[in-house]
Amino acid sequence: MSLADESFMRESLGEAEKARGEGEVPIGCVAVYNGEIIARSHNRRETWADPTAHAEMIALREAARKLGRWRLGGVSLYVTLEPCAMCAGALVLARVDRLVYGPRDPKAGACGSVLDVVRDPRLNHRVEVVSGVLEEESRSILKNFFAKRRDEE
């Protein structure tokens, strides 16, 4: 893990905390281009009543707007949990260069766990993947969120 990867992942963790504060599943994401954050987001599915409002999807849209193009070559995405199939597919379609995430998602992960959409040789683009960055911190935020939710039920 590089210092840059750790630093950008800490920014994603900050976004996850914002999501938790809004009652959203605490997943955060930042998009980095040329060493600078160009987009940041967190889950907003509940807030927006939108099943596609995952942190990654919002950050990809914001990054595309910022760069003025849909092809996001040169962009690295930092996410606090392994992306799902929808988000992994969007990473491939957007031509994102690199994905860095915390823990694997054994139930819905599509970047090496359940599926491996981002490295499927049948697709026209593959994404470099680095997993396990600040894994315990990310996992802790999620565990605490769901434990609190269970206690409230």
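This briefing covers the cores, the first helix and a few single residues of one structure. The model is predicted: local features need pLDDT of at least 70, side-chain atom pairs count only at pLDDT 80 or more, and totals for chains, interfaces and linings use all residues. Residues are numbered from 1 along each chain as its sequence is written, and side-chain values use heavy atoms, with hydrogens and water left out. Helices (H or I, at least four residues) and strands (E, at least two) are DSSP runs numbered from the N terminus.

**Nonpolar cores**

- A nonpolar core is a set of buried Ala, Val, Leu, Ile, Met, Phe, Trp, Tyr and Cys residues joined through side-chain atoms within 4.5 Å; buried means under 20% relative accessible area, exposed over 50%, and partly exposed in between (1.4 Å probe, protein chains only).
- The largest core has 35 residues, of which Leu-60, Leu-72, Leu-77, Leu-91, Leu-99 and Val-118 touch the most other members.
- At least two residues of this core come from each of β1 (28–33), β2 (36–42), α3 (55–67), β3, α4 (85–93), β4 (98–101) and α5 (135–152).
- Helix α3 gives the most to this core, with six residues.
- A second, separate core of 11 residues includes Ala-16, Val-32, Tyr-78 and Ile-141.

**Helix α1**

- Helix α1 spans residues 3–21, which is 19 residues.
- From first C-alpha to last, α1 reaches 27 Å, close to the 27 Å expected at 1.5 Å a residue (1.5 Å times one less than the number of residues).
- Its buried residues are Asp-5, Phe-8, Met-9, Ser-12, Leu-13, Glu-15, Ala-16 and Ala-19.
- These residues lie on the same side of α1 because they cover an arc of only 160° around the axis, taken from the directions from the helix axis to the C-beta atoms.
- An α-helix has 3.6 residues a turn, so residues three or four places apart point the same way.
- The buried residues of α1 pack against β1, β2, β3, β4 and α5.
- Exposed Leu-3 and Gly-21 are on the face turned away from the buried side of α1.
- After α1 comes Gly-23, with a positive phi near 80°.

**Ser-76 in β3**

- Ser-76 sits in strand β3 (residues 75–79) and is buried, at 13% relative accessible area.
- Neighbours within four places in sequence aside, Ser-76 is in contact (heavy atoms within 4.5 Å) with Val-30, Ala-31, Val-32 and Arg-98.

- Arg-95 is not a glycine, yet its phi is positive, about 65°.
- Arg-95 is in the loop between α4 and β4 and counts as partly exposed at 24% relative accessibility.
- Leu-134, also not a glycine, has a positive phi of about 50°.
- Leu-134 is in the loop between β5 (128–130) and α5 and is buried, with a relative accessible area of 6%.
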